[in-house]
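Hi there,

I'm passing a structure over to you, and my notes on it follow below. Please have a look when you get a moment.

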Amino acid sequence: MIADFLATPAGQFVFIVAAILAIMIPVLIGVAYLTYAERKVLAAMQLRKGPNVVGPFGLLQPFADAIKLMMKETVIPSGSNRLLFLMAPMLTFGLALIAWAVIPFGPGLVLADINVGVLYLFAISSLGVYGIIIAGWASNSKYAFLGALRSAAQMVSYEVSIGFVIITVLLCVGSLNLSRVVEAQRDLWFFIPLFPMFVVFFISALAETNRAPFDLPEGESEIVAGFFVEYSSMSFALFFLGEYANMILMSAMTTILFLGGWLPPFDVAPLNWIPGPIWFALKIALCLFVFLWVRATFPRYRYDQLMRLGWKVFLPLSLLWVALTSGALMLFGWLPSPA
């Protein structure tokens, strides 16, 4: 009966909607509790308590914050472009969610197992710049526009090095399919032979998501909170939800490209008894913890230091590693067959 219904167009539509909700709901809950985890981790590293009042151990704090932001008035500057002003946060948040369509959570557990999954992710992450530029321009504020320009320049700069790092991984895989990238690491996770690129990718992910120590758009002492200085209530919250969703997404990409995706560290019992999605979630949680650890440890970069690191260190290094990797694969006959 159920199989017959799923074979109909209505059944296929219901199945697709259910699959989307099965991905979106855990992601949104993860975003909410990542804000809680960040406050708890930072508090522990600074010998404070963090959220501990709303609910047991402060576990209801994310919901209290969400209700507060939804109840506040949305203030729209009189000189702004109202349509673009409200579209920008929705665009930023929406792009952070639709990127999950090609992320494989386990063998066959992916919404769209397309052969150009890496290109899809790179295209979606590149579009994130538009939300920031539109927000800064539509606010009709010099401070917001300057913050948007700085943030866009930062994101574009580090996308270049991220692109070359991904090319290095793809040379070792021979496919743009993310499931094949994971399967290629069944014997050896790529973070071991490509360790310098793993480091470059993770640091570039910090800059790509505007996280400390690269949170230049939010440099309060310099540009008054950057491109979202004119935003309030839920439109303000959508930018932060998009930032945290992007953190989870970049952690998932790090896991897929370098940490073996859903594969256990060793294919032995009892490690291989644990389901693949559990390993995938644990690796994402580990990457997110390092995101928070870095924020608690390092001071903010100056803008010239940020640009010098991206263009004078990461770009030459990633280019060199692409050449070395392709040369080694050709020399030793390790080139994978294209798929």
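Let me start with a question: does S233 count as buried or exposed, and at what relative accessibility? S233 counts as buried because its relative accessibility is 4% (buried is under 20% relative accessible area, exposed over 50%, partly exposed in between, with a 1.4 Å probe and protein chains only).

Before the rest, some housekeeping. This is a predicted model, in which local features need pLDDT of at least 70 and side-chain atom pairs count only at pLDDT 80 or more, while totals for chains, interfaces and linings use all residues. Residues are numbered from 1 along each chain as its sequence is written, and side-chain values use heavy atoms, with hydrogens and water left out.

Now the backbone. S233 lies in helix α10 (helices are DSSP runs of H or I with at least four residues, numbered from the N terminus), and its phi is positive, near 50 degrees. L47 also is not a glycine and has a positive phi of about 55 degrees. L47 is found in the loop between α2 (9-45) and α3 (61-71), and at 81% relative accessibility it counts as exposed. A212 and P213 are joined by a cis peptide bond with omega about 5 degrees; P213 sits in the loop between α8 (195-208) and α9 (220-223). For context, most residues other than glycine have a negative phi, and most peptide bonds are trans.

Next, a helix pair. The axes of α4 (residues 82-98) and α10 (residues 233-258) come within 8 Å and cross at roughly 20 degrees (axes are lines fitted to C-alpha atoms over the stretch in contact, with angles from 0 to 180 degrees between N-to-C directions). That makes α4 roughly parallel to α10, a term for angles under 35 degrees. Residues in contact (heavy atoms within 4.5 Å) include F93 in α4 and F239 in α10. The residues of this contact divide into nine nonpolar, four polar and no charged (Ala, Val, Leu, Ile, Met, Phe, Trp, Tyr, Cys and Pro count as nonpolar, Asp, Glu, Lys and Arg as charged, and the others, Gly among them, as polar).

Finally, α5 (residues 117-138). Its buried residues include L121, I124 and I132, and the buried residues of α5 pack against α4, α6 (142-173), α7 (178-183) and α10.

Best wishes

Definitions and conventions. Helix = DSSP H or I, 4+ residues; strand = E, 2+ residues; numbered from the N terminus. Parallel < 35°, antiparallel > 145°, perpendicular 65-115°, else oblique.
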